[in-house]
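Student: I am new to this one. Please take me through a single part of it closely.

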Amino acid sequence: MTVFHFFNCAILTFGPHAVYYSATPLSEYDTLWTSIKSAVVYLFTALVKLVCLATFLNVSESESDNFDPYQELLKALFGFIEVAGLYFALTQLTHRNISQNHKFQAVGLGWAFADSVLHRLVPLWFGARGLEFTWDYILQGLEANANLVFSISLAALGSLMWLRKNKPKTLIPIIYACAGIVATMPTITSYLRRGLGWHLPKVVGFELFSSLLIAFISWQLFVACQRPSN
């Protein structure tokens, strides 16, 4: 039963990444190497971010469950290290002859998969195989799905910011605002948990809803920027 629960949670956490790759044109255009390279870039930026957090943050055990605005502001600022890494993955890595539509999806997919492996694989391996059933790892899998949508949306917004030159000027503030919201989502969810005392199911529900909303807005912005200007 414990092994069955582990495999269920693992499929819920990592399965959507494989389904997205195989069910979209990404598999037809063989963009796997692009996703792998973006995953490596994510791991490097995560290491840099971890070093910065360990250097500049000083959180005691008594403060670990409390929302500290100063500490969370620093975390949000260091979170933009990942945005810089995403910029590098979109603009500096050599990609195969694929369109902009497929490029940001491949980069976002690799980015999300690396995040899930780094932050969820070890807790899943040691926790989901426990003797006592818990919903935490199912919620963790749903949270990974929301992060997948966030990552692809952020990559789409990044491609509009850094690769699309002829985008309508009226949409530029909306693009940057949406990207800023996605980049600071960890701080937002931290405030919901520690500041407002939301429980994990409620936080995960918020993440799922907000990820779908951001994805819809990003899709509309991407379509609007592809229309020929008059």
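Student: By class, how many nonpolar, polar and charged residues does the lining of the largest pocket have?

Tutor: The lining holds 20 nonpolar, nine polar and eleven charged residues. Here Ala, Val, Leu, Ile, Met, Phe, Trp, Tyr, Cys and Pro are nonpolar, Asp, Glu, Lys and Arg are charged, and the others, Gly among them, are polar. The model is predicted, so local features need pLDDT of at least 70 and side-chain atom pairs pLDDT 80 or more, while totals for chains, interfaces and linings use all residues. Numbering starts from 1 along each chain as its sequence is written, and side-chain values use heavy atoms, without hydrogens or water.

Now the pocket itself. It holds about 1400 Å³ of space, the volume filled by probe spheres set on grid points joined across faces, edges and corners. A pocket is an open set of points on a 1 Å grid over the protein atoms alone, where a 1.4 Å probe fits, with protein on both sides within 12 Å along at least five of seven lines; lining residues have an atom within 4 Å of a point.

In the largest pocket, 40 residues form the lining. Nearest its centre lie Lys 49, Asp 115, His 119, Pro 186 and Thr 189. Several helices (DSSP runs of H or I, at least four residues, numbered from the N terminus) take part. Those giving two or more residues to this lining are helix 2 (32-56), helix 3 (69-91), helix 4, helix 5 (136-162), helix 6 (172-183), helix 7 (185-195) and helix 8 (200-226). Helix 5 brings the largest share, with nine residues.

Next, the second largest pocket. Its space is about 260 Å³. There are 15 residues in its lining, and Phe 104, Ile 152, Ala 156, Ala 215 and Trp 219 are the closest to its centre. Helix 4, helix 5 and helix 8 each give at least two residues to this lining. The largest share is from helix 8, with six residues. By class, ten residues are nonpolar and five are polar, with no charged ones.

Phe 113 in helix 4 (residues 100-127) pairs with Phe 14 in helix 1 (residues 2-23), 99 residues apart. Phe 14 is buried, at 14% relative accessible area, while Phe 113 is partly exposed at 38%. Buried means under 20% and exposed over 50%, with partly exposed in between, for a 1.4 Å probe and protein chains only.
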